[in-house]
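Visitor: I'm new here, and I'd like a close look at one part of this structure. Could you walk me through it slowly?

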Amino acid sequence: MEQNKTGEKNSLIKVRHLTKYYGKRLAVDNISFDIGKGEIVGLLGPNAAGKSTTMRILTGFMMPTKGDTFIADCNMVSNSLEGRKHIGYMPESVPLYTDMTVRDYLDFFARLRGVPRDRARKRINEVVTLCSLEEYVDTVIGKLSRGYKQRVGLAQAIVHEPEVLILDEPTVGIDPIQVSQTRNLIKELGKEHTILLSTHILPEVTMTCNRVIIIHKGKIVAEDRMENLSAITKGSRRLRVEVKGPTDQIIRRLQRIDGVRKVSKEGNYLMVESPINIDPRGQITETIVKSGWTLLSIDSVEMSLEDIFLQLTTKEENPQ
Ligand SMILES: Nc1ncnc2c1ncn2[C@@H]1O[C@H](COP(=O)(O)OP(=O)(O)OP(=O)(O)O)[C@@H](O)[C@H]1O
Ligand SMILES: [Mg+2]
């Protein structure tokens with residue numbers, strides 16, 4: 001039996017060996033993950049990573065080539081109608097009925113999803129306030145700016161109080177003040193909902209999510225709780241070396257040291273990578289001094305999340 005990585009017994013979202021080809025193009029390549037109740041998980045990846053494709057399949061709007069997805073134990077491949085009742089989905093481009101007012105649009109979706117009329121009226125006012133749409137509630141959607149249309153998309157996703165929210169790049173096109181409000185809103189919603197959101201911006205996950213799944217070229221390249229993410233690079237150590245002497249020659253010499261994986265130039269420094277279980281500092285010092293060069297400094301460097309993301313998504317093809 002597959003172990004749920006989150007440690008939760010009841011995953012609300014389950015993805016199993018999901019694969020999607022568009023013609024010959026492999027967009028999602030055999031990915032599996034679980035999201036437990038109450039988690040806010042970020043699906044992080046660069047453009048074309050397969051984020052939107054995964055979400056479209058997860059919400060039952062598209063069939064996978066292979067694999068299964070479950071929301072609240074409903075199989076979204078074979079029984080998406082049932083599963084959709086549990087989901088609020090904000091797609092990448094939200095289809096909005098441009099000649100409806102915001103209120104009519106939200107009312108339409110509330111009723112479509114079975115919210116009783118009395119409750120709908122109250123709930124629409126709630127989501128209008130939550131999404132800061134008060135000023136435009138009686139405006140037709142076609143006359144709204146892009147950012148406000150985005151907010152209507154979010155309001156639409158939560159109007160029926162679903163257990164699970166799937167938000168595809170929820171802050172794209174929104175101004176900085178609203179971005180921060182939207183992030184706070186997502187965190188607030190996270191208290192009552194299970195949320196999967198996609199983004200290609202790292203700060204978004206850092207600020208909003210408890211856990212991140214990093215995907216690149218259709219594959220999961222890393223998955224962990226935010227506070228553990230730096231452990232992903234536990235396998236490697238980085239040293240920043242400042243040395244006076246002929247750079248190219250120094251690089252060549254350092255590369256020959258046992259356990260040194262890579263030496264590269266960054267500004268005035270040389271960055272030396274090695275496996276975590278090897279500390280090449282002594283050897284580096286000795287090599288430099290013996291060669292008659294001047295060692296100015298040698299420091300261990302913490303990798304930032306940004307470094308980790310870049311390392312994971314720009315590493316060479318087919319590394320052994
Ligand atoms: N309808 C489609 N037909 C053909 N190929 C598609 C289609 N939708 C997506 N793709 C391809 O599938 C791959 C994954 O696309 P997807 O939209 O899932 O990426 P994404 O991670 O959401 O990217 P972005 O950050 O740009 O939104 C890309 O190579 C894309 O060109
Ligand atoms: Mg996308």
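Guide: Let's start at Ile166, which touches Met55, Leu58, Thr59, Ile87, Tyr89 and Leu196, leaving out residues up to four places away in sequence; touching here means C-beta atoms, placed from the backbone, within 7 Å. Mind that this is a predicted model, where local features need pLDDT of at least 70, side-chain atom pairs count only at pLDDT 80 or more, and totals for chains, interfaces and linings use all residues. Residues are numbered from 1 along each chain as its sequence is written, while chains are lettered from A and ligands numbered from 1 in the order in which they are written.

A residue is buried if 20 or more other C-beta atoms lie within 10 Å of its own, exposed if 12 or fewer, and partly exposed in between. Since 6 of the 8 residues of H1 are buried, that helix is largely enclosed by the rest of the structure. Helices are DSSP runs of H or I, at least four residues long, and strands are E runs of at least two, numbered from the N terminus. After H1 comes Gly60, with a positive phi near 80 degrees.

H1 (51-58) also faces ligand 1: along with strand E2 (25-36), it supplies at least two residues of the shell, and H1 gives the most, with 3. Of the 13 residues around the ligand, Tyr22, Ala27, Lys51, Ser52 and Thr53 come nearest, where being near takes a backbone-placed C-beta atom within 6 Å.

Methods:
Contact = placed C-beta atoms within 7 Å.
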